[in-house]
Amino acid sequence: MIKFTIITLFQEAMEPYLNTSMMWKAREKGLAEFEFVNLREFGLGPHKSVDDTPYGGGDGMLLRCEPVFEAIESVKAKDPSAKVILPTPVGEIWNQEKARELDKNAHYIILCPHYEGYDERILSIVDYKISLGKYVLTGGELPALIIIDSVVRLIPGVLGGETSAEVESFSEGDNLEYPQYTKPYDFRGMTVPDILLSGNHGEIAKWRTEHSGKVI
Ligand code: ADE
């Protein structure tokens with residue numbers, strides 16, 4: 001079973017997604033486990049502060065080392081094998097191959113930074129730096145959900161049809177899925193390609209291969 005421990009200040013923003021649809025089903029079936037650690041609990045002083053201003057000046061606040069290290073160490077004390085993922089715009093770009101390669105029987109701690117960034121020394125306890133793309137988000141929560149979703153759906157038993165994840169887009173190199181249609185046959189004058197109604201499975205397979213998209 002894969003396990004994700006999410007260290008965040010905004011558990012309430014993430015829970016609804018993980019409690020819905022396929023992520024909920026994965027947990028119900030015992031195929032994935034999600035756990036939250038509230039970074040605030042490891043905050044400093046009476047205000048449980050987790051951030052501070054940057055040395056050398058500049059805008060915004062940075063996540064401090066102490067709360068982050070202590071939060072991660074509290075998880076690793078129970079499971080030293082857990083690996084730490086940091087969503088960051090300067091990480092390696094996430095893709096389907098990486099989602100497939102991630103060990104589905106391991107425990108991952110995802111540290112969700114917030115504010116303007118984090119103290120560079122935090123990288124010393126990080127195993128994987130992952131970027132979701134060349135744009136900047138306000139925090140690591142959305143990237144964490146995308147990483148979790150793209151990995152969990154590949155676990156056998158999570159999706160309905162056992163072959164869905166294999167046949168689907170990006171599974172074979174960068175081939176995108178072929179166009180698909182369901183009822184009605186004629187929707188506002190847009191009809192379904194007749195080959196798909198022919199019952200000729202060889203021809204249908206050929207058509208699908210020919211019409212598979214390619215990443216540009
Ligand atoms: N945090 C902020 N922006 C991000 C991005 N593009 N990918 C991963 N983590 C991020």
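**Entry 1: Glu-35 and its partner**

I started with Glu-35, which counts as partly exposed at 24% relative accessibility. A note to myself before going on: this is a predicted model. Next I asked which residue Glu-35 pairs with in a salt bridge. Lys-3 turned up, and the closest N and O atoms of the two are 3.6 Å apart. This pair ties together distant parts of the chain, since Lys-3 is in strand 1 (residues 2-8) and Glu-35 is in strand 2 (residues 32-38), 32 residues apart. Is Lys-3 buried or exposed? I found a relative accessible area of 19% for Lys-3. The cut-off for buried is under 20%, so Lys-3 goes down as buried. Glu-35, at 24%, is over that cut-off and so stays partly exposed.

**Entry 2: the other salt bridges I checked**

How many salt bridges does the structure hold? I have 6 down for the structure.

I then went to Asp-52, whose side chain meets that of Arg-64 in a salt bridge at 3.0 Å, N to O. Here too distant parts of the chain are linked: Asp-52 belongs to strand 3 (residues 51-52), while Arg-64 is in the loop between strand 4 (62-63) and helix 3 (65-78), 12 residues apart. I looked up the exposure of both partners. Asp-52 is partly exposed, with a relative accessible area of 33%. Arg-64 is partly exposed as well, with 25%.

Next came Arg-121 and Asp-119, whose side chains form a salt bridge at 2.7 Å, N to O.

**Entry 3: the ligand**

I moved on to the ligand and asked where it sits. The ligand is in the largest pocket. I listed the residues around it, among them Pro-87, Thr-88 and Pro-89. The shell also includes Ile-130, Ser-131, Leu-132 and Gly-133.

Strand 5 (83-93) and strand 8 (128-131) each supply at least two residues of the shell.

Leu-132 has one at 2.9 Å from a nitrogen atom of the ligand. For Gly-133 I got 3.1 Å, again between a polar backbone atom and a ligand nitrogen. A backbone N or O atom of Leu-137 is 2.9 Å from a nitrogen atom of the ligand. How much of the ligand's area does the protein bury? Taken alone, the ligand exposes 260 Å², and the protein buries 96% of that.

**Entry 4: Ser-212**

One last stop. I looked up where Ser-212 lies, and found it in the segment after helix 7 (201-210). Which backbone oxygen is 2.9 Å from a polar atom of the Ser-212 side chain? I wrote down the backbone oxygen of Arg-208. Ser-212 has a relative accessible area of 19%, and the limit for buried is under 20%, so I put Ser-212 down as buried.

How values were computed. Residues numbered from 1 in each chain as written. Predicted model: local features only at pLDDT ≥ 70, side-chain atom pairs only at ≥ 80, totals over all residues. Heavy atoms only, no water. Salt bridge = Lys/Arg side-chain N within 4 Å of Asp/Glu carboxyl O. Helix = DSSP H or I, 4+ residues; strand = E, 2+ residues; numbered from the N terminus. Buried < 20%, exposed > 50% of the residue type's maximum accessible area, 1.4 Å probe, protein only. Near = heavy atom within 4 Å. Polar contact = N/O pair within 3.5 Å; in protein donor to acceptor, adjacent residues only side chain to side chain. Areas by Shrake-Rupley, 256 points an atom, 1.4 Å probe, with all protein chains shown as cover. 1 Å grid on protein atoms, 1.4 Å probe; cavity = no way out; pocket = protein on both sides within 12 Å on 5 of 7 lines; lining within 4 Å. Sits in = over half its atoms within 2 Å of the grid points.
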